Amino acid sequence: MGFLDFLKEKPRGTLKELPPEVKDVVEELRKVRDPETELNIVDEGLVYGLTVENEKVMVWLLLARTTPECHFCQAIAMNVQKRIIKDIIEVLREKGFRSVKVYNEIGLLLEEWRDKNEG
């Protein structure tokens with residue numbers, strides 16, 4: 001195994017046990033890439049949870065912690081996180097969802113987008 005082989009895309013697992021609407025969202029989220037590793041966020045293990053309800057999606061992300069003493073590392077991590085969240089919302093909007101909420105692993109709402117006609 002080479003030094004950076006662990007960063008290569010892992011083989012996709014089966015999604016047989018998931019409802020069809022959830023499987024569809026998981027496949028859409030595979031289009032979102034971590035800008036640092038270029039791996040998709042599903043195979044990289046960043047998607048912690050997912051709820052699909054009609055035209056609404058809630059996504060929970062498992063985000064890496066940075067070293068508190070390293071302000072440069074924190075700035076990079078925040079920019080990466082913002083990019084991933086922006087891309088999640090963009091992909092799901094294009095898929096036709098009218099409401100997208102993205103949370104971290106402890107349930108803190110990171111970003112919310114709603115179609116202006118969504119009630």
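**Exercise 1. Find how many aromatic pairs the structure holds, and work out which parts of the chain are brought together.**

Step 1. The structure, which is a predicted model, holds one aromatic pair, where rings of Phe, Tyr and Trp (its six-membered ring) pair if their centres lie within 6.5 Å. Local features in this predicted model need pLDDT of at least 70, side-chain atom pairs count only at pLDDT 80 or more, and totals for chains, interfaces and linings use all residues. Residues are numbered from 1 along each chain as its sequence is written, and side-chain values use heavy atoms, with hydrogens and water left out.

Step 2. The partners are W60 and Y103, with 5.0 Å from centre to centre and 15 degrees between the planes, and the pair is stacked, a label for planes under 30 degrees apart, whereas those over 60 count as edge-to-face and the rest as tilted.

Step 3. W60 belongs to strand β2 and Y103 to strand β3, so the pair ties together parts that are 43 residues apart in sequence. Helices (H or I, at least four residues) and strands (E, at least two) are here DSSP runs, numbered from the N terminus.

Step 4. Y103 is buried, with a relative accessible area of 13%; buried means under 20% relative accessible area, exposed over 50%, and partly exposed in between (1.4 Å probe, protein chains only).

**Exercise 2. Describe how β2 is paired with β1 and with β3, and to which face its side chains point.**

Step 1. β1 and β2 pair in the antiparallel sense over six bridges, pairing being assigned if DSSP finds at least two bridges between two strands. Along this pairing, V47 stands opposite L61, and E53 stands opposite K56.

Step 2. On β3, K56 has S99 as its bridge partner, and β2 and β3, which run parallel, are joined by six bridges.

Step 3. In a regular strand the side chains alternate between the two faces of the sheet.

**Exercise 3. Locate the residues other than glycine that have a positive phi, and state where they lie.**

Step 1. Most residues other than glycine have a negative phi. N54 is not a glycine, yet has a positive phi of about 55 degrees.

Step 2. N54 is in the turn of the hairpin formed by β1 and β2, which have two residues between them, and N54 is exposed, with a relative accessible area of 74%.

Step 3. E38 also has a positive phi, near 65 degrees, and E38 lies in the loop between α1 and β1.

**Exercise 4. Determine which residues of α1 are buried and against which elements they pack.**

Step 1. The buried residues of α1 are V22, V25, V26, E28 and L29. Seen down the axis of the helix, they fall within an arc of 160 degrees, so they line one face of α1; the arc is that of the directions from the helix axis to the C-beta atoms.

Step 2. These buried residues pack against β1 (47-53), β2 and α2, with contact meaning heavy atoms within 4.5 Å.

**Exercise 5. Identify which residues have the most contacts inside the largest nonpolar core, and which elements supply it.**

Step 1. A nonpolar core is a set of buried Ala, Val, Leu, Ile, Met, Phe, Trp, Tyr and Cys residues joined through side-chain atoms within 4.5 Å. The largest such core has 23 residues, and L61, I84, I88 and L92 are those with the most contacts inside it.

Step 2. At least two residues of this core come from each of α1 (20-29), β2 (56-61), α2 (71-95) and β3 (99-104), and the largest share, seven residues, is supplied by α2.

Step 3. If residues up to four places away in sequence are not counted, I84 touches V32, R33, D34, P35, I41, L46 and L61.
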